[in-house]
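Have the structure open as you read.

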Amino acid sequence: MWVYEKKLQYPVKVGTCNPMLAKFLIEQYGGADGELSAALRYLNQRYSIPDEVIGLLTDIGTEEFAHLEMIATMVFKLTKDATADQMREAGLGAHYANHDNALYYENAAGVPWTASYINAKGDPIADLYEDIAAEEKARATYQWIIDMSDDPDLNDGLKFLREREIVHSQRFREAVEILKEERDRQKIF
């Protein structure tokens, strides 16, 4: 069970209204390698993973929801004062026409989130390698968004999220080694 503290995992600050940056950042909200996909992937996979690492998937999956909340806050702050013209100029005209400034699970190209973004093979090691790849892709996306951003306040939060992706990847790599050792251990009956 979880205890929800009514605060973000890490403070989110935004310097100025910037719908173009929000357009790029929405990739981490509803994209294939975004936080929603990660949270659902890990919390689903935990049902078919050995007990030795089940807690890891629960912990990281739950943390991904906290990251989703941070991304939502960032996108909201980047667009809350945007005019219809600014949204259109940023390439968010279709989004604005359908949702105003409301958040919607879609990627940076405006394609709605789909369950086909997440995988569960049922083989614990294969699933963990999928998870490592997801974390590394998310890390890369955060870096590319940071590279495009000139907002030091926003970049602070993005750097925090990028670093958490690195930690998650390392933890999944450790879990793979635990399961390989268990698999390769000689069993005597």
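## Before we start

An axis here is a line fitted to the C-alpha atoms of a helix over the stretch in contact, and the angle between two axes runs from 0 to 180 degrees between their N-to-C directions. Keep in mind that this is a predicted model.

## Helices α7 and α8

Look for helix α7, residues 124–148, and helix α8, residues 152–184. Their axes come within 9 Å and cross at roughly 165 degrees. Angles over 145 degrees count as roughly antiparallel, and α7 and α8 are therefore roughly antiparallel to each other.

The α7 and α8 crossing is left-handed. Where α7 contacts α8, there are 16 nonpolar, 4 polar and 10 charged residues.

## Helices α3 and α4

Now find helix α3 (residues 35–45) and helix α4 (residues 51–79), whose axes come within 8 Å and cross at roughly 160 degrees. That angle makes α3 roughly antiparallel to α4. The crossing of this pair, α3 and α4, is left-handed.

Which residues meet here? On the α3 side they include Leu36, Leu40 and Leu43, and on the α4 side they include Ile60, Phe65 and Leu68. By class, the contact of α3 with α4 has 11 nonpolar, 5 polar and 2 charged residues.

## The largest pocket

How much space lies in the largest pocket? The answer is about 330 Å³. Its lining has 12 residues, and Val3, Tyr4, Glu5, Ala66 and Glu69 are the closest to the pocket's centre. The lining of the largest pocket divides into 6 nonpolar, 2 polar and 4 charged residues.

Note on methods
Residues numbered from 1 in each chain as written. Predicted model: local features only at pLDDT ≥ 70, side-chain atom pairs only at ≥ 80, totals over all residues. Heavy atoms only, no water. Helix = DSSP H or I, 4+ residues; strand = E, 2+ residues; numbered from the N terminus. Parallel < 35°, antiparallel > 145°, perpendicular 65-115°, else oblique. Left-handed = near helix turned anticlockwise from the far one by under 90°. Nonpolar A, V, L, I, M, F, W, Y, C, P; charged D, E, K, R; others polar. Contact = heavy atoms within 4.5 Å. 1 Å grid on protein atoms, 1.4 Å probe; cavity = no way out; pocket = protein on both sides within 12 Å on 5 of 7 lines; lining within 4 Å. Points joined across faces, edges and corners; volume = space filled by probe spheres on them.
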